[in-house]
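Dear colleague,

Please find below the structure that I am handing over to you. I would be grateful if you would look through it alongside the findings set out after it.

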Amino acid sequence: MTVRSVVERLGGWWPGRVDPDSETERALAYLDVAVDTETLLGAARVVTTLIVAVAVVGGVALGRFTTLRLGVAVAAAGTAVGLAVALVANRGPAFLATLARTRALGSAASLVGRAALRLRIDPTVERAAAFAASTGRGPLSRSLGAHIERAAGTPRSGIDAFAEEWHDRFPALERAVTRLDAAASAPAAERDRHLDRAVEASLDGVQEELAAFTGEIRGAVTGLYAFGILLPLALVGVLPAARATGVRLSLPAVVALYDVVLPLAVVAAGVWILVRRPVAFPPPRIGRDHPDTPDGHLRALGGGVAAAAVGGYTAARLVAPWTAPVAAVGFGAGVALVVDARPAKRVHERVRAVEADLDDACYLVGRRVAAGEAVETALAEAADRIAGTTGTLLADAASRQRRLGLTVGEAFDGEHGALAALPSRRAREAATLFSLAATEGRPAGEALVATAEHVEALGRIERDARRELTQVTDTLSNTAAVFGPVVGGATVALSARVARTGTTAGFGAPPLPTAELGIAVGAYVLWLAVALTALSTGLTHGLDRTLVGYRVGVATCLATVCYLAAFIGAGLFL
(Lines give C-alpha, C1' and ligand atoms only; values in the text may rest on other atoms or scores of the structure.)
Protein backbone atom coordinates (compact mmCIF):
# COMPACT_ATOMS: atom_id res chain seq x y z
CA MET A 1 0.00 0.00 0.00
CA THR A 2 1.45 3.34 -1.05
CA VAL A 3 1.43 6.60 0.91
CA ARG A 4 -0.93 8.08 -1.67
CA SER A 5 -3.49 5.31 -1.22
CA VAL A 6 -3.33 5.65 2.57
CA VAL A 7 -3.89 9.41 2.38
CA GLU A 8 -6.76 8.97 -0.06
CA ARG A 9 -8.42 6.38 2.17
CA LEU A 10 -8.07 8.52 5.28
CA GLY A 11 -9.30 11.58 3.41
CA GLY A 12 -12.42 9.67 2.37
CA TRP A 13 -13.26 9.04 6.03
CA TRP A 14 -13.67 12.74 6.84
CA PRO A 15 -17.43 13.41 6.81
CA GLY A 16 -17.37 17.19 6.53
CA ARG A 17 -16.50 19.56 3.73
CA VAL A 18 -12.94 20.87 3.46
CA ASP A 19 -12.36 24.33 2.02
CA PRO A 20 -8.62 24.65 1.31
CA ASP A 21 -7.13 28.08 0.88
CA SER A 22 -5.67 29.10 -2.45
CA GLU A 23 -2.11 29.30 -1.09
CA THR A 24 -2.11 25.62 -0.13
CA GLU A 25 -3.55 24.64 -3.51
CA ARG A 26 -0.88 26.62 -5.36
CA ALA A 27 1.83 25.10 -3.17
CA LEU A 28 0.70 21.53 -3.85
CA ALA A 29 0.42 22.28 -7.56
CA TYR A 30 3.97 23.63 -7.61
CA LEU A 31 5.27 20.62 -5.67
CA ASP A 32 3.43 18.36 -8.14
CA VAL A 33 1.87 16.31 -5.35
CA ALA A 34 -0.31 13.49 -6.64
CA VAL A 35 -3.00 14.04 -3.95
CA ASP A 36 -5.54 16.86 -4.20
CA THR A 37 -5.73 19.46 -1.45
CA GLU A 38 -9.12 18.46 -0.03
CA THR A 39 -8.04 14.83 0.36
CA LEU A 40 -4.80 15.79 2.10
CA LEU A 41 -6.47 18.15 4.56
CA GLY A 42 -9.28 15.69 5.21
CA ALA A 43 -6.75 12.94 5.98
CA ALA A 44 -4.92 15.30 8.35
CA ARG A 45 -8.16 16.04 10.20
CA VAL A 46 -8.90 12.34 10.55
CA VAL A 47 -5.43 11.69 11.97
CA THR A 48 -5.75 14.68 14.32
CA THR A 49 -9.12 13.43 15.60
CA LEU A 50 -7.77 9.92 16.19
CA ILE A 51 -4.68 11.15 18.04
CA VAL A 52 -6.68 13.50 20.26
CA ALA A 53 -9.29 10.83 21.01
CA VAL A 54 -6.66 8.24 21.95
CA ALA A 55 -4.82 10.79 24.08
CA VAL A 56 -7.94 11.85 25.97
CA VAL A 57 -9.12 8.28 26.58
CA GLY A 58 -5.62 7.23 27.62
CA GLY A 59 -5.29 10.26 29.89
CA VAL A 60 -8.59 9.54 31.61
CA ALA A 61 -7.58 5.91 32.15
CA LEU A 62 -4.18 6.87 33.55
CA GLY A 63 -5.81 9.49 35.77
CA ARG A 64 -8.09 6.88 37.31
CA PHE A 65 -5.47 4.18 37.88
CA THR A 66 -2.39 6.34 38.65
CA THR A 67 -2.46 10.08 39.30
CA LEU A 68 -4.63 12.86 37.93
CA ARG A 69 -1.55 14.93 37.05
CA LEU A 70 -0.10 12.17 34.84
CA GLY A 71 -3.44 11.68 33.09
CA VAL A 72 -3.79 15.39 32.35
CA ALA A 73 -0.21 15.52 31.08
CA VAL A 74 -0.76 12.60 28.67
CA ALA A 75 -4.04 14.07 27.39
CA ALA A 76 -2.47 17.50 26.90
CA ALA A 77 0.58 16.08 25.12
CA GLY A 78 -1.55 13.97 22.79
CA THR A 79 -3.80 16.93 21.98
CA ALA A 80 -0.76 19.05 21.20
CA VAL A 81 0.58 16.36 18.83
CA GLY A 82 -2.77 16.10 17.08
CA LEU A 83 -3.02 19.87 16.60
CA ALA A 84 0.57 19.88 15.32
CA VAL A 85 -0.43 17.35 12.61
CA ALA A 86 -3.25 19.63 11.48
CA LEU A 87 -0.95 22.65 11.49
CA VAL A 88 1.71 20.86 9.43
CA ALA A 89 -0.88 19.74 6.89
CA ASN A 90 -2.18 23.30 6.51
CA ARG A 91 1.09 25.22 6.50
CA GLY A 92 3.60 22.54 5.48
CA PRO A 93 2.93 22.63 1.71
CA ALA A 94 3.47 26.40 1.57
CA PHE A 95 6.73 26.04 3.50
CA LEU A 96 7.99 23.25 1.23
CA ALA A 97 6.99 25.17 -1.89
CA THR A 98 8.87 28.23 -0.63
CA LEU A 99 12.00 26.18 -0.05
CA ALA A 100 11.66 24.63 -3.51
CA ARG A 101 11.38 28.07 -5.14
CA THR A 102 14.40 29.22 -3.15
CA ARG A 103 16.41 26.30 -4.51
CA ALA A 104 15.15 26.99 -8.03
CA LEU A 105 16.23 30.64 -7.99
CA GLY A 106 19.82 29.58 -7.40
CA SER A 107 19.95 28.79 -11.14
CA ALA A 108 18.40 32.10 -12.32
CA ALA A 109 21.72 33.70 -13.24
CA SER A 110 22.81 30.56 -15.10
CA LEU A 111 19.57 30.52 -17.09
CA VAL A 112 20.04 34.16 -18.11
CA GLY A 113 23.65 33.38 -19.02
CA ARG A 114 22.62 30.52 -21.31
CA ALA A 115 20.05 32.70 -23.04
CA ALA A 116 22.66 35.44 -23.47
CA LEU A 117 25.14 32.98 -24.93
CA ARG A 118 22.61 31.85 -27.52
CA LEU A 119 21.79 35.46 -28.39
CA ARG A 120 25.46 36.16 -29.07
CA ILE A 121 25.28 33.53 -31.81
CA ASP A 122 21.71 33.97 -33.01
CA PRO A 123 19.86 37.21 -32.05
CA THR A 124 16.41 35.59 -31.77
CA VAL A 125 14.69 35.75 -28.41
CA GLU A 126 12.47 32.72 -29.10
CA ARG A 127 15.44 30.47 -29.87
CA ALA A 128 17.43 31.85 -26.93
CA ALA A 129 14.55 31.17 -24.54
CA ALA A 130 14.07 27.65 -25.93
CA PHE A 131 17.81 26.97 -25.62
CA ALA A 132 17.91 28.22 -22.01
CA ALA A 133 14.91 26.04 -21.11
CA SER A 134 16.08 22.89 -22.89
CA THR A 135 19.61 23.01 -21.48
CA GLY A 136 18.51 23.36 -17.85
CA ARG A 137 17.19 20.66 -15.54
CA GLY A 138 15.68 22.50 -12.62
CA PRO A 139 12.21 23.91 -11.84
CA LEU A 140 13.16 27.28 -13.30
CA SER A 141 13.96 25.76 -16.69
CA ARG A 142 10.77 23.69 -16.60
CA SER A 143 8.78 26.83 -15.81
CA LEU A 144 10.33 28.66 -18.75
CA GLY A 145 9.65 25.68 -21.01
CA ALA A 146 5.99 25.65 -19.97
CA HIS A 147 5.63 29.35 -20.80
CA ILE A 148 7.28 28.80 -24.18
CA GLU A 149 4.79 26.02 -24.97
CA ARG A 150 1.86 28.23 -24.01
CA ALA A 151 3.21 31.05 -26.18
CA ALA A 152 3.54 28.83 -29.25
CA GLY A 153 1.63 30.30 -32.19
CA THR A 154 1.50 33.77 -30.61
CA PRO A 155 3.70 36.83 -31.19
CA ARG A 156 5.23 36.40 -27.72
CA SER A 157 8.28 34.29 -26.85
CA GLY A 158 7.07 33.17 -23.42
CA ILE A 159 10.11 34.50 -21.59
CA ASP A 160 8.30 37.73 -20.64
CA ALA A 161 5.46 35.82 -18.98
CA PHE A 162 8.06 33.63 -17.27
CA ALA A 163 9.77 36.71 -15.80
CA GLU A 164 6.41 38.08 -14.63
CA GLU A 165 5.64 34.83 -12.83
CA TRP A 166 8.87 34.98 -10.84
CA HIS A 167 8.90 38.76 -10.35
CA ASP A 168 7.67 38.65 -6.75
CA ARG A 169 10.37 36.18 -5.76
CA PHE A 170 13.24 37.59 -7.83
CA PRO A 171 12.65 41.06 -9.39
CA ALA A 172 16.08 41.10 -11.04
CA LEU A 173 14.97 38.34 -13.40
CA GLU A 174 12.50 40.68 -15.09
CA ARG A 175 15.20 43.35 -15.52
CA ALA A 176 17.53 40.79 -17.06
CA VAL A 177 14.85 39.57 -19.48
CA THR A 178 14.11 43.14 -20.54
CA ARG A 179 17.75 43.61 -21.43
CA LEU A 180 17.80 40.32 -23.33
CA ASP A 181 14.91 41.63 -25.41
CA ALA A 182 16.79 44.87 -26.00
CA ALA A 183 19.90 42.94 -27.08
CA ALA A 184 17.95 40.94 -29.66
CA SER A 185 16.75 44.09 -31.41
CA ALA A 186 19.98 46.09 -30.96
CA PRO A 187 22.55 46.58 -33.74
CA ALA A 188 25.29 43.93 -33.84
CA ALA A 189 27.89 46.40 -32.53
CA GLU A 190 25.84 47.07 -29.39
CA ARG A 191 24.46 43.58 -28.78
CA ASP A 192 27.28 42.33 -26.57
CA ARG A 193 26.98 45.35 -24.30
CA HIS A 194 23.25 44.71 -23.77
CA LEU A 195 23.86 41.02 -23.13
CA ASP A 196 26.57 41.80 -20.59
CA ARG A 197 24.15 44.13 -18.83
CA ALA A 198 21.48 41.42 -18.80
CA VAL A 199 23.77 38.92 -17.13
CA GLU A 200 25.07 41.58 -14.73
CA ALA A 201 21.48 42.39 -13.76
CA SER A 202 20.85 38.78 -12.76
CA LEU A 203 24.16 38.53 -10.89
CA ASP A 204 23.58 41.85 -9.10
CA GLY A 205 20.09 40.67 -8.18
CA VAL A 206 21.46 37.52 -6.54
CA GLN A 207 24.08 39.53 -4.67
CA GLU A 208 21.62 42.17 -3.48
CA GLU A 209 19.02 39.62 -2.37
CA LEU A 210 21.56 37.64 -0.37
CA ALA A 211 23.10 40.74 1.18
CA ALA A 212 19.68 42.01 2.25
CA PHE A 213 18.78 38.60 3.65
CA THR A 214 22.00 38.40 5.65
CA GLY A 215 21.38 41.80 7.19
CA GLU A 216 17.73 40.95 7.89
CA ILE A 217 18.34 37.66 9.66
CA ARG A 218 21.27 38.87 11.73
CA GLY A 219 18.91 40.37 14.27
CA ALA A 220 16.51 37.42 14.10
CA VAL A 221 19.28 34.88 14.66
CA THR A 222 20.67 36.97 17.52
CA GLY A 223 17.22 37.08 19.13
CA LEU A 224 16.77 33.34 18.65
CA TYR A 225 20.16 32.71 20.22
CA ALA A 226 19.51 35.05 23.16
CA PHE A 227 15.94 34.10 24.09
CA GLY A 228 15.65 30.61 22.69
CA ILE A 229 19.07 29.24 23.64
CA LEU A 230 21.26 31.42 25.86
CA LEU A 231 18.60 32.40 28.40
CA PRO A 232 17.19 28.84 28.75
CA LEU A 233 20.71 27.48 29.21
CA ALA A 234 21.37 30.09 31.87
CA LEU A 235 18.15 29.08 33.65
CA VAL A 236 19.25 25.44 33.51
CA GLY A 237 22.47 26.51 35.21
CA VAL A 238 20.66 28.12 38.15
CA LEU A 239 18.19 25.28 38.74
CA PRO A 240 20.10 23.83 41.72
CA ALA A 241 20.44 27.24 43.37
CA ALA A 242 16.79 28.03 42.69
CA ARG A 243 15.69 24.85 44.41
CA ALA A 244 17.92 25.67 47.37
CA THR A 245 16.19 29.04 47.83
CA GLY A 246 12.75 27.46 47.87
CA VAL A 247 11.62 27.76 44.26
CA ARG A 248 9.55 24.63 43.75
CA LEU A 249 10.10 23.96 40.05
CA SER A 250 8.90 20.40 39.59
CA LEU A 251 10.50 17.85 37.28
CA PRO A 252 7.39 17.61 35.01
CA ALA A 253 7.57 21.38 34.57
CA VAL A 254 11.25 21.14 33.61
CA VAL A 255 10.48 18.36 31.12
CA ALA A 256 7.56 20.25 29.61
CA LEU A 257 9.54 23.47 29.28
CA TYR A 258 12.87 22.13 28.04
CA ASP A 259 11.79 19.06 26.07
CA VAL A 260 8.54 20.34 24.54
CA VAL A 261 7.98 24.10 24.64
CA LEU A 262 11.52 25.34 23.94
CA PRO A 263 12.30 22.88 21.11
CA LEU A 264 9.02 23.68 19.38
CA ALA A 265 9.67 27.41 19.77
CA VAL A 266 13.18 27.05 18.31
CA VAL A 267 11.84 24.99 15.39
CA ALA A 268 9.08 27.54 14.71
CA ALA A 269 11.58 30.40 14.76
CA GLY A 270 13.91 28.45 12.48
CA VAL A 271 11.12 27.82 9.97
CA TRP A 272 10.23 31.53 10.03
CA ILE A 273 13.85 32.42 9.23
CA LEU A 274 14.30 29.74 6.56
CA VAL A 275 11.26 30.77 4.52
CA ARG A 276 12.76 34.24 4.16
CA ARG A 277 15.87 33.02 2.38
CA PRO A 278 15.56 34.44 -1.16
CA VAL A 279 18.09 32.32 -3.06
CA ALA A 280 19.90 29.08 -2.28
CA PHE A 281 22.79 27.29 -3.99
CA PRO A 282 22.26 23.76 -2.69
CA PRO A 283 24.30 20.80 -3.85
CA PRO A 284 22.56 18.33 -6.17
CA ARG A 285 20.08 15.90 -4.70
CA ILE A 286 21.60 12.42 -4.62
CA GLY A 287 18.95 9.74 -4.94
CA ARG A 288 19.12 6.11 -3.87
CA ASP A 289 19.38 5.14 -7.52
CA HIS A 290 22.85 6.66 -7.84
CA PRO A 291 25.47 3.92 -8.38
CA ASP A 292 27.72 5.31 -5.63
CA THR A 293 24.93 5.41 -3.05
CA PRO A 294 23.56 1.87 -2.74
CA ASP A 295 20.61 1.35 -0.44
CA GLY A 296 22.33 1.70 2.90
CA HIS A 297 19.33 1.74 5.22
CA LEU A 298 20.21 -1.63 6.72
CA ARG A 299 23.84 -0.64 7.10
CA ALA A 300 22.86 2.66 8.74
CA LEU A 301 20.37 0.88 11.01
CA GLY A 302 22.98 -1.70 11.99
CA GLY A 303 25.59 0.97 12.69
CA GLY A 304 23.11 2.97 14.73
CA VAL A 305 22.02 -0.01 16.81
CA ALA A 306 25.63 -1.02 17.45
CA ALA A 307 26.61 2.53 18.42
CA ALA A 308 23.57 2.80 20.71
CA ALA A 309 24.38 -0.47 22.45
CA VAL A 310 28.10 0.24 22.89
CA GLY A 311 27.57 3.89 23.81
CA GLY A 312 24.79 3.18 26.28
CA TYR A 313 26.67 0.33 27.96
CA THR A 314 29.93 2.29 28.17
CA ALA A 315 28.23 5.40 29.55
CA ALA A 316 26.37 3.36 32.17
CA ARG A 317 29.59 1.70 33.33
CA LEU A 318 31.96 4.69 33.19
CA VAL A 319 29.68 7.65 33.95
CA ALA A 320 26.35 6.80 35.61
CA PRO A 321 23.50 4.39 34.93
CA TRP A 322 21.09 7.18 34.00
CA THR A 323 23.35 8.30 31.13
CA ALA A 324 22.70 5.08 29.20
CA PRO A 325 19.52 6.27 27.39
CA VAL A 326 21.06 9.66 26.57
CA ALA A 327 24.21 8.05 25.17
CA ALA A 328 22.23 5.38 23.32
CA VAL A 329 19.99 7.92 21.59
CA GLY A 330 22.79 10.40 20.88
CA PHE A 331 25.34 7.96 19.53
CA GLY A 332 22.79 5.67 17.88
CA ALA A 333 20.97 8.39 15.96
CA GLY A 334 24.17 10.27 15.16
CA VAL A 335 26.06 7.27 13.78
CA ALA A 336 23.01 6.10 11.80
CA LEU A 337 22.68 9.53 10.15
CA VAL A 338 26.39 9.73 9.33
CA VAL A 339 26.53 6.22 7.90
CA ASP A 340 23.40 6.84 5.84
CA ALA A 341 24.57 10.20 4.44
CA ARG A 342 28.27 9.52 3.97
CA PRO A 343 28.12 7.94 0.46
CA ALA A 344 26.02 10.81 -0.90
CA LYS A 345 28.33 13.31 0.78
CA ARG A 346 31.30 11.79 -1.07
CA VAL A 347 29.40 12.37 -4.32
CA HIS A 348 28.82 15.98 -3.22
CA GLU A 349 32.52 16.44 -2.63
CA ARG A 350 33.32 15.09 -6.08
CA VAL A 351 30.75 17.45 -7.65
CA ARG A 352 32.30 20.46 -5.89
CA ALA A 353 35.77 19.40 -7.03
CA VAL A 354 34.62 19.15 -10.65
CA GLU A 355 32.82 22.50 -10.54
CA ALA A 356 35.79 24.30 -8.97
CA ASP A 357 37.54 25.05 -12.28
CA LEU A 358 34.67 24.99 -14.77
CA ASP A 359 35.09 28.69 -15.47
CA ASP A 360 38.73 28.11 -16.46
CA ALA A 361 37.65 25.22 -18.69
CA CYS A 362 35.06 27.38 -20.49
CA TYR A 363 37.62 30.17 -20.88
CA LEU A 364 40.38 27.98 -22.31
CA VAL A 365 38.07 26.09 -24.67
CA GLY A 366 36.38 29.32 -25.76
CA ARG A 367 39.66 31.02 -26.58
CA ARG A 368 40.86 28.14 -28.73
CA VAL A 369 37.52 27.76 -30.51
CA ALA A 370 37.49 31.51 -31.22
CA ALA A 371 40.98 31.11 -32.70
CA GLY A 372 39.64 28.48 -35.12
CA GLU A 373 40.47 25.20 -33.36
CA ALA A 374 37.99 22.32 -33.17
CA VAL A 375 36.24 21.84 -29.86
CA GLU A 376 37.59 18.29 -29.58
CA THR A 377 41.18 19.55 -29.79
CA ALA A 378 40.46 22.46 -27.46
CA LEU A 379 39.03 20.10 -24.83
CA ALA A 380 42.10 17.84 -24.92
CA GLU A 381 44.46 20.79 -24.57
CA ALA A 382 42.38 22.34 -21.76
CA ALA A 383 42.49 19.00 -19.93
CA ASP A 384 46.29 19.11 -20.01
CA ARG A 385 46.39 22.64 -18.60
CA ILE A 386 43.76 22.32 -15.86
CA ALA A 387 44.87 20.36 -12.82
CA GLY A 388 42.63 18.47 -10.43
CA THR A 389 39.28 16.82 -10.87
CA THR A 390 38.02 19.24 -13.53
CA GLY A 391 40.98 18.46 -15.77
CA THR A 392 40.45 14.74 -15.21
CA LEU A 393 36.81 15.08 -16.28
CA LEU A 394 37.79 16.92 -19.49
CA ALA A 395 40.44 14.30 -20.28
CA ASP A 396 37.94 11.50 -19.67
CA ALA A 397 35.37 13.11 -21.98
CA ALA A 398 37.97 13.74 -24.70
CA SER A 399 39.15 10.14 -24.43
CA ARG A 400 35.62 8.74 -24.67
CA GLN A 401 34.91 10.97 -27.66
CA ARG A 402 37.97 9.63 -29.54
CA ARG A 403 37.67 5.96 -28.59
CA LEU A 404 33.91 5.56 -28.98
CA GLY A 405 33.35 8.00 -31.82
CA LEU A 406 30.84 10.03 -29.81
CA THR A 407 29.78 13.61 -30.30
CA VAL A 408 30.99 16.17 -27.78
CA GLY A 409 27.59 16.21 -26.09
CA GLU A 410 27.44 12.41 -25.87
CA ALA A 411 31.01 12.23 -24.55
CA PHE A 412 29.92 14.31 -21.57
CA ASP A 413 26.24 13.70 -20.99
CA GLY A 414 25.37 10.57 -22.98
CA GLU A 415 24.63 7.12 -21.70
CA HIS A 416 28.37 6.34 -21.57
CA GLY A 417 29.47 9.93 -20.95
CA ALA A 418 31.87 11.26 -18.37
CA LEU A 419 28.98 12.86 -16.46
CA ALA A 420 26.76 9.76 -16.40
CA ALA A 421 27.39 9.20 -12.68
CA LEU A 422 28.08 12.82 -11.70
CA PRO A 423 24.90 14.78 -10.90
CA SER A 424 26.40 18.22 -11.43
CA ARG A 425 24.02 20.77 -12.96
CA ARG A 426 26.81 23.22 -13.73
CA ALA A 427 29.02 20.59 -15.34
CA ARG A 428 26.13 19.53 -17.56
CA GLU A 429 25.44 23.13 -18.53
CA ALA A 430 29.11 23.56 -19.43
CA ALA A 431 28.96 20.35 -21.48
CA THR A 432 25.94 21.74 -23.32
CA LEU A 433 27.91 24.87 -24.16
CA PHE A 434 30.82 22.77 -25.45
CA SER A 435 28.37 20.83 -27.60
CA LEU A 436 26.94 24.10 -28.95
CA ALA A 437 30.44 25.31 -29.77
CA ALA A 438 31.10 22.07 -31.67
CA THR A 439 28.01 22.81 -33.78
CA GLU A 440 28.40 26.57 -34.25
CA GLY A 441 32.19 26.74 -34.49
CA ARG A 442 34.14 29.97 -34.11
CA PRO A 443 31.18 32.31 -33.28
CA ALA A 444 30.56 30.29 -30.13
CA GLY A 445 34.13 30.77 -28.93
CA GLU A 446 33.74 34.37 -27.82
CA ALA A 447 30.41 33.46 -26.26
CA LEU A 448 32.12 30.75 -24.21
CA VAL A 449 34.75 33.23 -23.00
CA ALA A 450 32.01 35.64 -21.88
CA THR A 451 30.17 32.77 -20.19
CA ALA A 452 33.33 31.81 -18.32
CA GLU A 453 33.49 35.31 -16.85
CA HIS A 454 29.87 35.06 -15.75
CA VAL A 455 30.42 31.63 -14.18
CA GLU A 456 33.41 32.99 -12.27
CA ALA A 457 31.38 35.98 -11.05
CA LEU A 458 28.52 33.74 -9.93
CA GLY A 459 30.93 31.47 -8.05
CA ARG A 460 32.44 34.48 -6.30
CA ILE A 461 29.00 35.76 -5.28
CA GLU A 462 28.08 32.32 -3.95
CA ARG A 463 31.28 32.04 -1.90
CA ASP A 464 30.89 35.55 -0.48
CA ALA A 465 27.27 34.87 0.47
CA ARG A 466 28.17 31.67 2.26
CA ARG A 467 31.00 33.39 4.06
CA GLU A 468 28.66 36.13 5.29
CA LEU A 469 26.01 33.63 6.35
CA THR A 470 28.59 31.46 8.09
CA GLN A 471 29.55 34.40 10.28
CA VAL A 472 25.92 34.56 11.41
CA THR A 473 25.33 30.82 11.83
CA ASP A 474 28.64 29.69 13.38
CA THR A 475 27.41 30.61 16.84
CA LEU A 476 24.36 28.40 16.37
CA SER A 477 26.48 25.45 15.25
CA ASN A 478 28.97 25.81 18.10
CA THR A 479 26.17 26.14 20.65
CA ALA A 480 24.44 23.03 19.32
CA ALA A 481 27.50 20.81 19.42
CA VAL A 482 29.61 22.16 22.30
CA PHE A 483 28.41 25.11 24.39
CA GLY A 484 24.90 23.87 25.14
CA PRO A 485 25.96 20.32 26.09
CA VAL A 486 28.78 21.59 28.33
CA VAL A 487 26.42 23.89 30.26
CA GLY A 488 23.82 21.14 30.53
CA GLY A 489 26.31 18.55 31.79
CA ALA A 490 27.78 20.94 34.36
CA THR A 491 24.28 21.80 35.59
CA VAL A 492 23.37 18.16 36.18
CA ALA A 493 26.69 17.62 37.99
CA LEU A 494 25.96 20.60 40.28
CA SER A 495 22.48 19.29 41.01
CA ALA A 496 23.94 15.88 41.82
CA ARG A 497 26.41 17.52 44.22
CA VAL A 498 23.59 19.36 45.96
CA ALA A 499 21.62 16.12 46.26
CA ARG A 500 24.59 14.23 47.74
CA THR A 501 25.52 16.82 50.34
CA GLY A 502 21.96 17.61 51.41
CA THR A 503 22.58 21.35 51.10
CA THR A 504 18.86 22.12 51.07
CA ALA A 505 18.10 20.23 54.27
CA GLY A 506 16.10 22.40 56.65
CA PHE A 507 15.23 25.08 54.11
CA GLY A 508 14.29 25.43 50.48
CA ALA A 509 13.01 22.65 48.27
CA PRO A 510 14.65 19.25 47.95
CA PRO A 511 16.96 18.88 44.96
CA LEU A 512 15.66 17.38 41.75
CA PRO A 513 16.48 13.69 41.26
CA THR A 514 19.77 13.51 39.39
CA ALA A 515 18.78 10.68 37.06
CA GLU A 516 15.50 12.23 35.93
CA LEU A 517 17.02 15.72 35.59
CA GLY A 518 19.99 14.32 33.68
CA ILE A 519 17.73 12.57 31.16
CA ALA A 520 15.53 15.66 30.76
CA VAL A 521 18.48 17.98 30.19
CA GLY A 522 20.13 15.41 27.93
CA ALA A 523 17.01 15.30 25.76
CA TYR A 524 17.11 19.10 25.54
CA VAL A 525 20.77 19.02 24.54
CA LEU A 526 20.08 16.52 21.76
CA TRP A 527 17.12 18.60 20.60
CA LEU A 528 19.38 21.64 20.31
CA ALA A 529 21.96 19.64 18.37
CA VAL A 530 19.36 18.62 15.80
CA ALA A 531 17.39 21.86 15.49
CA LEU A 532 20.27 24.35 15.49
CA THR A 533 22.45 22.32 13.14
CA ALA A 534 19.59 21.90 10.67
CA LEU A 535 18.86 25.64 10.84
CA SER A 536 22.52 26.58 10.40
CA THR A 537 22.94 24.24 7.42
CA GLY A 538 19.67 25.38 5.86
CA LEU A 539 20.63 29.04 6.07
CA THR A 540 24.08 28.48 4.61
CA HIS A 541 23.45 25.84 1.95
CA GLY A 542 19.70 25.33 1.74
CA LEU A 543 17.84 22.38 3.26
CA ASP A 544 19.65 19.55 1.53
CA ARG A 545 18.84 16.09 2.91
CA THR A 546 22.39 14.78 2.66
CA LEU A 547 24.14 17.78 4.19
CA VAL A 548 21.58 18.22 6.96
CA GLY A 549 21.63 14.50 7.80
CA TYR A 550 25.41 14.29 7.89
CA ARG A 551 25.94 17.45 9.93
CA VAL A 552 23.15 16.65 12.36
CA GLY A 553 24.65 13.20 12.86
CA VAL A 554 28.10 14.62 13.62
CA ALA A 555 26.66 17.32 15.89
CA THR A 556 24.55 14.79 17.82
CA CYS A 557 27.54 12.55 18.49
CA LEU A 558 29.71 15.52 19.53
CA ALA A 559 26.95 16.94 21.74
CA THR A 560 26.61 13.59 23.52
CA VAL A 561 30.36 13.41 24.16
CA CYS A 562 30.48 17.01 25.45
CA TYR A 563 27.46 16.48 27.69
CA LEU A 564 28.88 13.37 29.35
CA ALA A 565 32.39 14.85 29.56
CA ALA A 566 31.05 18.03 31.17
CA PHE A 567 29.13 15.97 33.74
CA ILE A 568 32.28 14.01 34.61
CA GLY A 569 34.58 17.04 34.59
CA ALA A 570 32.30 19.27 36.65
CA GLY A 571 31.77 16.43 39.12
CA LEU A 572 35.53 16.24 39.77
CA PHE A 573 35.67 19.87 40.93
CA LEU A 574 32.40 20.13 42.85
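Predicted model: local features only at pLDDT ≥ 70, side-chain atom pairs only at ≥ 80, totals over all residues.

The chain is built with 22 helices and 0 strands. Its C-alpha trace spans about 95 × 60 × 45 Å along the principal axes. Of the 574 residues, 49% are buried. The accessible surface amounts to about 26500 Å², and carbon and sulfur atoms account for 61% of that area. When contacts between residues at least 6 apart in sequence are considered, 74% of them join residues at least 24 apart.

With neighbours within four places in sequence set aside, Ile-217 is in contact with Ile-273, Leu-469, Val-472 and Leu-539.

Helix α6 (residues 125-134) has a set of buried residues: Val-125, Ala-128, Ala-129, Phe-131, Ala-132 and Ala-133. Their cover includes α5 (108-121), α7 (139-150), α8 (159-165), α9 (171-185) and α19 (425-440).

As regards charged pairs, the whole structure holds 17 salt bridges. In one of these, Arg-91 pairs with Glu-23, and the closest N and O atoms are 3.6 Å apart. Because Arg-91 belongs to helix α4 and Glu-23 to helix α2 (residues 22-31), this pair ties together parts that are 68 residues apart in sequence. Arg-91 is partly exposed, with 41% relative accessibility, and Glu-23 is partly exposed at 35%.

Helices α5 and α19 deserve a separate paragraph. Arg-114 and Glu-429 meet in a salt bridge with an N to O distance of 2.8 Å. Arg-114 sits in α5 and Glu-429 in α19, so that the pair links parts of the chain 315 residues apart. Both Arg-114 and Glu-429 are buried. Arg-425 joins Arg-114 and Glu-429 in a network of salt bridges. A further bridge is formed by Glu-440 and Arg-118, whose closest N and O atoms are 3.7 Å apart. Since Glu-440 lies in helix α19 and Arg-118 in helix α5, this pair ties together parts that are 322 residues apart in sequence. Glu-440 is partly exposed, at 29% relative accessibility, whereas Arg-118 is buried, at 15%.

What of the cysteines, and how many disulfides does the structure hold? The number is 0. Cys-557 is in no disulfide, and the nearest cysteine sulfur, that of Cys-562, is 11 Å away. Because its relative accessible area is 17%, under the 20% limit, Cys-557 counts as buried. Cys-362 is buried as well, with a relative accessible area of 2%.

Finally, on the surface, Phe-227, Leu-231, Leu-235 and Val-238 form a nonpolar patch with about 400 Å² of accessible area together.

With kind regards

Conventions. Residues numbered from 1 in each chain as written. Heavy atoms only, no water. Patch = residues over 30% accessible without salt bridge, like charges linked within 9 Å, V, L, I, M, F, W, Y side chains within 5 Å. Areas by Shrake-Rupley, 256 points an atom, 1.4 Å probe, with all protein chains shown as cover. Salt bridge = Lys/Arg side-chain N within 4 Å of Asp/Glu carboxyl O. Disulfide = S-S within 2.5 Å. Buried < 20%, exposed > 50% of the residue type's maximum accessible area, 1.4 Å probe, protein only. Helix = DSSP H or I, 4+ residues; strand = E, 2+ residues; numbered from the N terminus. Contact = heavy atoms within 4.5 Å.
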